[in-house]
Amino acid sequence: MLEFMSGGGHRLSGSGRLQPNPGALKQAVIQAFAHGAQALLHFQYRTFPYGAEQLNYAIVDMDGIPRRRYYEMKETAELLKQLEPLSKAQFPSEAAILLDYDSHWALRIKPVNDPLFTYLDYGQKLYRSLERIGINADVISCHASWESYKVLLLPAAFILDADTRGRLREYVRQGGILIATFLTGVKNEDNAGCTQPLPAGLTDVFGIQVEEVEPVFEENHTPLKLTLPCENGVMKEGEKREWIVPDGMWSELLSGTGKALGVYQEDYKKGCMVISEQQFGKGKACYVGTDMPDEAWQQFLLTVCAPACPAPEQVMAPDGVERVMRLLDGRKIFFLFNFTSAPQTIKKCSGYRNYLTKKTAADEEVLERNGFLVLEEMPQ
């Protein structure tokens, strides 16, 4: 991690930056470590008294006197020594999000519903939805090797070359679960629009074709009914399988043989399919022709992904607390980070111990503002 945060005060642009709250610098370093960072290079150590970046924020001010930020970083270095054995812990990712810079650049050149929709932010939204339901996901290139993953998410794959289309087809045929969103397969690798029905070259895989598209602005949201399939036809107690939610960002009306999981409820779109699911070979392909609120996305992903990578029973974190799970010698390691302005309660901690203090965790643990917690699964 280059030019990692180091403080607040003056800024090169002149606007300035607030000082990090006590503990925030330490929390940020441990968060990066939890995600696999092997080197954290802070910019900068001591404020420059002259030059192009004069007065810019740093760990130590121009006078060189150690103060709060310096001592916090010293404490952080000691913590990293304690956490070093966890650097070997693996990431148990059975899902992957496929991102492609050609699609990113194409959507920068020819924006869609700018500024509400941006390609990289939308990929991040889906990543967060998976993280909230306890499914680890890697973020990889469309050109990487992804055949070993059980679930692939394909957010707005605006650019798709023939080779990638063929690999996606074979992935589903061999038993994988593919979830694609609106704006998939619109252009080829030369940034030229495809002249066949969308998603170009994959309509048989998804069992749909796109009939009509439009952006979704504040004034033209349309409600849709999301119907989630029951596990083996049985609804579990307390489960909600039908949701009425507004669409967002972009809208695609779908036709075809795919099973309708999302259907519009009003206006001329009433009765039109917008979310589909289809068996293809040994696998399953879902197409989501619009955006949904976070909670609906989470329930949708939880249901669709469950057959391949069910979310395990694990430590539960409220909104605003990030949870990172890794595996070391078969034991779960949870890193938890409170990014809210108030203490938060972490639940289902029994069976774990605090890795840093070695104390057995209570069933519920309180995580302070700007705090973090490292929980290690105890041997059975």
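This is a predicted model: local features need pLDDT of at least 70, side-chain atom pairs count only at pLDDT 80 or more; totals for chains, interfaces and linings use all residues.
Local features are reported where pLDDT is at least 70 and side-chain atom pairs only at pLDDT 80 or more, whereas totals for chains, interfaces and linings use all residues. Residues are numbered from 1 along each chain as its sequence is written, and side-chain values use heavy atoms, with hydrogens and water left out.

The secondary structure of the chain comprises seven helices and 17 strands, these being DSSP runs numbered from the N terminus (helices H or I, at least four residues; strands E, at least two). Along the principal axes, the C-alpha atoms fill a box of roughly 70 × 55 × 40 Å. The radius of gyration of 23 Å agrees with the value near 21 Å that a compact globule of 380 residues would have, where the radius is taken over C-alpha atoms and the globule rule is 2.2 Å times the number of residues to the power 0.38. Of the 380 residues, 48% count as buried (buried meaning under 20% relative accessible area, exposed over 50%, and partly exposed in between, with a 1.4 Å probe and protein chains only). Among contacts with a sequence separation of 6 or more, 64% involve residues 24 or more positions apart, a contact being heavy atoms within 4.5 Å.

Helix H3 spans residues 101–109 and includes tryptophan 105. Ser103, His104, Ala106 and Leu107 of H3 are buried, and because these buried residues fall within an arc of 165° when seen down the helix axis, they line one face of H3; the arc is that of the directions from the helix axis to the C-beta atoms. The buried residues of H3 pack against helix H4 (119–132), while Tyr101, Arg108 and Ile109 are exposed on the other side of H3.

The structure holds 17 salt bridges, each defined as a side-chain nitrogen of Lys or Arg within 4 Å of a carboxyl oxygen of Asp or Glu. Lysine 26 forms one with glutamate 75, the closest N and O atoms being 2.9 Å apart. Lysine 26 lies in helix H1 and glutamate 75 in helix H2 (residues 68–83), so this pair ties together parts that are 49 residues apart in sequence. Lysine 26 is buried at a relative accessible area of 16%, whereas glutamate 75 is partly exposed at 41%. A salt bridge also joins lysine 125 to aspartate 291, with closest N and O atoms 3.0 Å apart; lysine 125 belongs to H4 and aspartate 291 to the loop between strand E11 (283–288) and H7, 166 residues apart. Lysine 125 is buried at 18%, and aspartate 291 is likewise buried at 7% relative accessibility. The side chains of arginine 132 and aspartate 319 meet in a further salt bridge (3.4 Å, N to O), which links H4 with the loop between H7 and E12 across 187 residues.

Proline 318 lies in the loop between helix H7 (294–305) and strand E12 (321–328) and is partly exposed, with a relative accessible area of 24%. Beyond its neighbours within four places in sequence, proline 318 is in contact with Arg132, Gln344, Thr345 and Ile346. In helix H1 (residues 24–34), glutamine 27 is buried at 3% relative accessibility and, residues up to four places away in sequence not being counted, touches Phe337, Asn338, Phe339, Asn370, Gly371 and Phe372.
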